[in-house]
There are 2 protein chains.
Amino acid sequence: MAQWGESMNRLINLLARLPGIGPKTAQRLAFHLITQDMAQVQNLAKAMIEAKERMGYCSICFHLSEKDPCEICQDSRRDQSTICVVSDSRDVLAMEKTREYPGLYHVLQGAIIPSAGIGPDRLRIKELVARLTTGTVTEVIVATNPNIEGETTAMYLSRLIKPMGVRVTRIAHGLPVGGDLEYADEVTLTRSLMGRRELS
Amino acid sequence: MAQWGESMNRLINLLARLPGIGPKTAQRLAFHLITQDMAQVQNLAKAMIEAKERMGYCSICFHLSEKDPCEICQDSRRDQSTICVVSDSRDVLAMEKTREYPGLYHVLQGAIIPSAGIGPDRLRIKELVARLTTGTVTEVIVATNPNIEGETTAMYLSRLIKPMGVRVTRIAHGLPVGGDLEYADEVTLTRSLMGRRELS
């Protein structure tokens, strides 16, 4: 790549460090950027720095937000008795898209991964427990991912929180809507069977 | 996405304008960026602006370069009698990777696309013709893409340059190495047949 010059190589290398961006895509992106107007490049550079500057974590639920507390925690119309626990700020957005959840959130900022040495102390679990001590919250919905780490985290939370007299529920496992029974894995299908409900 | 704040939305929207980056990837990239250290974000922002500032087009061959003339045009060890014509600066890099081409380049910065109103005057064709008037160049290898636009451009260049007494060649069409005859399209296979060579 020597023919493109040092500044270009540096940009390509930095872009290639972004998640999901391989060397080929990084090259295409860099090429695209330098063929844009300087104003557009500056716009993007500025937007990156501004977002980094302004965004922070809500001190109550640890969701990414420009405001602290975040808009959801500040919204008194939301059901203060339910907390939905998720691993990641992006999961809050996914839940909000359903427009079906009226309660609050708590972002763990990860999941328990014993093999990687990530224990409960690395997550925002003690902050969650602190939120439960006031007695306002009556249900914690554990919406960690349906994988080993998410399940481990869910089990841990359940054992920790249930003794506090707070109801702990787990989002349902089953076949995705629009999915195909034939292609479902056995574990999902078993869970789907176990979670069967009376048709009304 | 209202929950992530305005600065984040702006960043996501700008990222989603990059080629090959959809809204979902833009969100993932923005999320990744703001969870990095400020120094890293500033590094990337700076690299973008610096690359844009420093990179320009070589005034001889119109390849993207920090230097003018570019390193290839400045390299006296390269065969000055051959010019390989490509559509895009990225094609120069692809050719250079083969380490098999010792000559010079000329980047057209596009191809003739009549349906989009892109005629020969929009490309760096008159600059190519000017390079041929000195008599140093004896062969022009047309390495535009093997699609309709590339072929149209190749035909146009051939008709324009041959009368100047310069040999005009076209890179070979055929089956890609490692390809499968069974899955080759008819046109490629026909070209592959037509371009057959004596086995030594």
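How much area do chain B and chain A bury between them, and what percentage of it is on carbon and sulfur atoms? In this predicted model, the two chains bury about 5200 Å² between them, with 71% of that area on carbon and sulfur atoms. The legends below take the interface, then individual sites.

**Figure 1. Interface of chain B and chain A.** The view shows the contact between the two chains of the predicted model, in which 56 residues of chain B meet 56 residues of chain A. Across this interface there are 12 residue pairs in polar contact, both residues of each pair being at pLDDT 80 or more. On the side of chain B that touches chain A, two or more residues each come from helix H1 (6–15), helix H2 (23–34), helix H3 (38–54), strand S2 (64–65), helix H4 (71–74) and helix H5 (89–98) of chain B. H3(B) gives the largest share, 14 residues. Sorted by class, this side of chain B has 27 nonpolar, 13 polar and 16 charged residues.

**Figure 2. Relation of the two copies.** The same surface serves both copies, since 100% of the contact residues of chain B recur in chain A.

**Figure 3. Salt bridge between A:Glu50 and B:Arg10.** The rule finds two salt bridges across the interface of chain B and chain A. One view of such a pair is given by A:Glu50 and B:Arg10, whose closest N and O atoms are 2.7 Å apart. The pair crosses between chains, with B:Arg10 in helix H1 of chain B and A:Glu50 in helix H3 of chain A. H3 of chain A spans residues 38–54. Leaving aside residues up to four places away in sequence, A:Glu50 touches B:Ser7 and B:Arg10. A:Glu50 counts as buried because its relative accessibility is 16%, under the 20% cut-off. B:Arg10, at 31% relative accessibility, counts as partly exposed.

Figure 4. Salt bridges link A:Glu6, A:Arg10, B:Glu50 and B:Arg54 in a network. Over all chains, the count of salt bridges comes to 21.

**Figure 5. Helix H5 of chain A and its ends.** Helix H5 of chain A covers residues 89–98, and its buried residues are A:Ser89, A:Asp91, A:Val92, A:Leu93 and A:Glu96. These buried residues pack against strand S2 (64–65), helix H4 (71–74), strand S3 (79–86) and strand S4 (103–107) of chain A, together with H2 of chain B. At the N-terminal end, A:Asp88 caps the helix, with a side-chain oxygen 2.8 Å from the backbone nitrogen of A:Arg90. Just after H5(A), A:Arg99 has a positive phi of about 55°.

Figure 6. In chain A, a cis peptide bond with omega of about -5° joins A:Asp68 and A:Pro69. A:Pro69 is placed in the loop between S2 and H4 of chain A. In chain B, B:Asp68 and B:Pro69 are likewise joined by a cis peptide bond, with omega of about -5°. The loop between S2 and H4 of chain B holds B:Pro69.

**Figure 7. Positive phi in two loop residues.** A:Gln109 is not a glycine, yet its phi is positive, about 60°. This residue lies in the loop between S4 and helix H6 (125–132) of chain A. With a relative accessible area of 29%, A:Gln109 is partly exposed. B:Arg99, another residue other than glycine, has a positive phi near 55°. B:Arg99 is in the loop between H5 and strand S4 (103–107) of chain B and is exposed, with a relative accessible area of 77%.

**Figure 8. Salt bridges within a chain.** In chain A, A:Asp75 and A:Arg77 form a salt bridge whose closest N and O atoms are 3.1 Å apart. A:Arg77 is exposed, with a relative accessible area of 76%. In chain B, the side chains of B:Arg167 and B:Glu139 meet in a salt bridge at 3.4 Å, N to O. B:Arg167 lies in strand S6 (residues 167–170) and B:Glu139 in strand S5 (residues 139–142) of chain B, so the pair ties together parts that are 28 residues apart in sequence. B:Arg167 counts as exposed at 53% relative accessibility, whereas B:Glu139 is buried, with a relative accessible area of 16%.

How values were computed. Residues numbered from 1 in each chain as written. Chains lettered and ligands numbered in written order. Predicted model: local features only at pLDDT ≥ 70, side-chain atom pairs only at ≥ 80, totals over all residues. Heavy atoms only, no water. Contact = heavy atoms within 4.5 Å. Buried area = accessible area lost by both parts, 1.4 Å probe. Salt bridge = Lys/Arg side-chain N within 4 Å of Asp/Glu carboxyl O. Polar contact = N/O pair within 3.5 Å; in protein donor to acceptor, adjacent residues only side chain to side chain. Helix = DSSP H or I, 4+ residues; strand = E, 2+ residues; numbered from the N terminus. Nonpolar A, V, L, I, M, F, W, Y, C, P; charged D, E, K, R; others polar. Buried < 20%, exposed > 50% of the residue type's maximum accessible area, 1.4 Å probe, protein only.
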